[in-house]
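Thanks, everyone, for making the time this morning.

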Amino acid sequence: MNRSPFLFTATKAAAGESPKQSQTFDLQELVDDPNAVTIRVTPEAFRFGEPLRFQVRFDTHQGNLDFDPAAISYLEDGKDNLFRPLLWEGSAPRRHHRSGVLTFPGVSDQTQEIRLTLENVYGILERTFEWNLSNGNRSTTRAITTLWAT
């Protein structure tokens with residue numbers, strides 16, 4: 001199934017809830033695949049203030065996936081706020097394939113972008129997955145790889 005890079009829907013705001021808080025975001029899957037491991041990240045649909053859940057899949061045919069995804073992950077909201085995962089629900093460390101869901105605290109309705117970063121996976125300093133949440137702006141939805149500094 002092809003997913004659009006960005007989709008948001010608005011429903012009627014509940015009493016005491018701003019229209020922006022009632023938006024539901026359905027963001028595209030991003031893939032990062034350098035250095036012998038592929039990481040696929042798919043955000044589950046969410047609204048501001050609700051926990052953010054990311055489906056994460058690791059695939060490799062070299063080495064082992066014997067790390068704790070919650071220990072190497074963090075989420076940023078573009079306003080210098082950094083969030084550590086609340087929970088990893090997924091497969092235990094294994095050799096070639098691993099998947100699960102990372103859950104983070106919700107972000108405020110002032111958030112315009114979110115960035116999920118996984119650190120030190122297979123010799124890559126950072127793998128960052130970034131989504132822009134402002135008015136359907138699709139141009140900055142991307143995966144970024146930061147190699148080790150020399």
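By a salt bridge I mean a side-chain nitrogen of Lys or Arg that lies within 4 Å of a carboxyl oxygen of Asp or Glu. Please keep in mind that what you see is a predicted model. With that cut-off, Glu50 and Arg47 count as a salt bridge, because their closest N and O atoms are 3.6 Å apart. Both partners are partly exposed, Glu50 with a relative accessible area of 34% and Arg47 with 23%.

How many salt bridges are there in the whole structure? The search finds 8, and I will take two further examples from among them. In one, Asp59 pairs with Arg57, the closest N and O atoms being 3.0 Å apart; here Asp59 is buried, at 15% relative accessible area, whereas Arg57 is partly exposed, at 36%. Elsewhere, salt bridges with shared partners link Glu44, Arg53 and Glu89 into one network.

Let me now move to the interior. In soluble globular proteins, nonpolar side chains tend to be buried together. In this model, the largest nonpolar core has 28 residues, and those with the most contacts inside it are Phe54, Leu75, Ile114 and Trp131. Several strands contribute at least two residues each to this core, namely β2 (24–27), β4 (37–43), β5 (52–60), β9 (97–104), β10 (113–121) and β11 (124–132).

Notes
Residues are numbered from 1 along each chain as its sequence is written. This is a predicted model: local features need pLDDT of at least 70, side-chain atom pairs count only at pLDDT 80 or more; totals for chains, interfaces and linings use all residues. Side-chain values use heavy atoms; hydrogens and water are left out. A nonpolar core is a set of buried Ala, Val, Leu, Ile, Met, Phe, Trp, Tyr and Cys residues joined through side-chain atoms within 4.5 Å. Buried means under 20% relative accessible area, exposed over 50%, partly exposed in between (1.4 Å probe, protein chains only). Helices (H or I, at least four residues) and strands (E, at least two) are DSSP runs, numbered from the N terminus.
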